[in-house]
Amino acid sequence: MVKPTRVTNDIRSLRFRASEMTQAELAKRLGVTRQTVIAIEQGRYSPSLEMAFQIARVFGVPLDAVFQYPDATSDQQGAAS
Amino acid sequence: MSYEEKGTWLYLVVAIAGYSFYLSWVLPEVLAGTPVADVDYVAPMLWAIGGAIVVTIIGRILVEIVFPSESTKGDVRDREIDRLGTRVGSSFIVIGALGALVLSMLEADWFWIANVIYLCFVLAALLESITRLVAYRKGVPTW
């Protein structure tokens, strides 16, 4: 099974911290469908770098406050387990 | 479910229904022992292809009436999924063309040439739509 992406994100918690912004509202601000926001939140779709920056800008936070990528150490631990 | 995903489901259903309709018309004649050169496959094939186009258009309208989408515009993810499906499905278009080429060289009956091409069109549509649906449901691979 191909894993869509190893990138994780905190969009859901960021939405709630941003006055409980709805997925529809975020989608509208990004110019995508609500289904795409859901797919990004659930890790089923890895957005382009440009969209990633747009998402970070909507919440007014740096990119790595929205998206995280496992480092080499956790990669090796994951492979060993 | 997004507008584009609903369209993909419809495409899959129509592809299966159209080919089933065609087979239900032609297969009994073939199984009855009629020589393939005498089997009237042209009219059913044209009806199946033409009908599939019309049913897809009408179906798209009906689906939107019954289950209206939030937006009828696709986005970047829809386009990525569309490209992925097309890339995977196009393999069967090539196989169909090669099959038809070989059959022509072997001077096979036109019935077989037309049917190999049509079958590969249908298989391409199935593979394309299934790939898209898996991408919509399970995620877009990032290789």
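Two residues are in contact here if their C-beta atoms, placed from the backbone, lie within 7 Å. With that in mind, let us walk through this predicted model, in which local features need pLDDT of at least 70, side-chain atom pairs count only at pLDDT 80 or more, and totals for chains, interfaces and linings use all residues. Residues are numbered from 1 along each chain as its sequence is written, while chains are lettered from A and ligands numbered from 1 in the order in which they are written.

Let us start with chain B. Among its contacts between residues at least 6 apart in sequence, 81% join residues at least 24 apart. Chain B has 4 helices and 0 strands, where helices (H or I, at least four residues) and strands (E, at least two) are DSSP runs numbered from the N terminus. Its C-alpha trace spans about 50 × 35 × 20 Å along the principal axes. Of the 143 residues in chain B, 23% are buried; a residue is buried if 20 or more other C-beta atoms lie within 10 Å of its own, exposed if 12 or fewer, and partly exposed in between.

Just after α1(B), B:Gly33 has a positive phi of about 95°.

Several residues of α1(B) are buried, including B:Tyr11, B:Ala15, B:Tyr19 and B:Val26. Their cover includes α2, α3 (76–105) and α4 of chain B. By comparison, B:Val13, also in α1 of chain B, counts as partly exposed because it has 14 C-beta neighbours inside 10 Å.

Now for the interior. A nonpolar core is a set of buried Ala, Val, Leu, Ile, Met, Phe, Trp, Tyr and Cys residues joined through C-beta atoms within 7 Å. The largest such core has 14 residues, of which B:Ala15, B:Tyr19 and B:Ala125 touch the most other members. Two or more residues each come from α1 (3–31), α2 (42–66) and α4 (110–138) of chain B, and α1(B) gives the most, with 6 residues. Beyond its neighbours within four places in sequence, B:Ala15 is in contact with B:Ala52, B:Val122, B:Ala125, B:Leu126 and B:Ser129. Another core, of 12 residues, lies apart from this one and includes A:Ile11, A:Ile40, A:Ile55 and A:Val66.

An unreviewed entry lists "transmembrane region" at residues 7–25, 45–63, 84–104 and 110–127 of chain B. Residues 45–63 of chain B are 100% helix, with end C-alpha atoms 26 Å apart. For chain A, an unreviewed UniProt entry places "domain: HTH cro/C1-type" at residues 11–66. That stretch of chain A is 68% helix and 0% strand, and its end C-alpha atoms are 6 Å apart.

Finally, how do the two chains meet? In chain B, 11 residues are in contact with 13 residues of chain A. The chain B side divides into 3 nonpolar, 4 polar and 4 charged residues; Ala, Val, Leu, Ile, Met, Phe, Trp, Tyr, Cys and Pro count as nonpolar, Asp, Glu, Lys and Arg as charged, and the others, Gly among them, as polar.

Key: UniProt positions renumbered as here; feature names shortened; annotations may be inferred.
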